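Here's a quick briefing to read alongside the model.

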Amino acid sequence: MTEDIFNPDLDLTEEDIHGRTLFKLETRVTLQKTPASKIRCVGDAIEYLCKEISTLTYEAVYAIFLDTSHDVTGFAQVGHGTLDWSGMNTSKILQCMLLTNSKALILIHNHPSFDDACPSYVDLMTARKTNALLHEVDDMFLYDFIITSPCAE
């Protein structure tokens with residue numbers, strides 16, 4: 001079950017950007033509601049998402065949002081890429097965290113083109129920058145950054 005969350009404050013018109021379409025902002029976030037029958041704890045959410053993305057042929061980044069008790073409040077895809085690269089939308093992460101009253105975050109990212117699930121240099125830098133950004137916002141934090149691959153056990 002999904003829910004579209006719309007932030008009208010981000011709904012820009014062409015007039016807002018001086019009559020020129022310089023960029024487009026995604027104003028809708030698809031936030032997955034946690035199915036109670038499948039996800040009862042963080043471990044269930046991790047297992048569910050790792051299975052979902054380990055067979056993808058492109059890189060993707062998913063976020064699991066946690067409240068102060070580390071209960072799962074939802075999850076969403078926050079990055080989509082190619083065979084060996086994926087961008088991640090930190091504004092989408094922050095928006096989802098605020099909308100779900102989350103305090104912590106688990107990122108799950110796949111490596112479809114690698115034989116192992118070792119983080120790349122970019123993965124490590126992304127984790128550090130994301131954690132620093134979350135801490136600045138409201139003492140939120142990155143709880144874990146999990147890498148999975150087709151060969152990961």
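Let's start with Leu134: beyond its neighbours within four places in sequence, Leu134 is in contact (heavy atoms within 4.5 Å) with Leu94, Met97, Leu105, Asp139, Met140, Phe141 and Leu142. Keep in mind that this is a predicted model, where local features need pLDDT of at least 70, side-chain atom pairs count only at pLDDT 80 or more, and totals for chains, interfaces and linings use all residues. Residues are numbered from 1 along each chain as its sequence is written, and side-chain values use heavy atoms, with hydrogens and water left out.

**The cores**
- The largest nonpolar core has 17 residues, and Leu134 is among those touching the most other members, as are Phe65 and Met97.
- A nonpolar core here is a set of buried Ala, Val, Leu, Ile, Met, Phe, Trp, Tyr and Cys residues joined through side-chain atoms within 4.5 Å.
- Helix H2 (90–99) is the top contributor to this core, giving four residues.
- A second, separate core holds 16 residues, including Val42 and Ile64.

**Ile64**
- Ile64 sits in strand E3 (residues 60–66).
- Ile64 counts as buried because its relative accessibility is 0%, the cut-off being under 20% relative accessible area with a 1.4 Å probe, protein chains only.
- Past its neighbours within four places in sequence, Ile64 has contacts that include Ala45, Val72, Phe75 and Ile106.

**Whole chain**
- The protein chain has three helices and six strands, which are DSSP runs (helices H or I, at least four residues; strands E, at least two) numbered from the N terminus.
- Of its 153 residues, 38% count as buried.

Terms used: Buried < 20%, exposed > 50% of the residue type's maximum accessible area, 1.4 Å probe, protein only.
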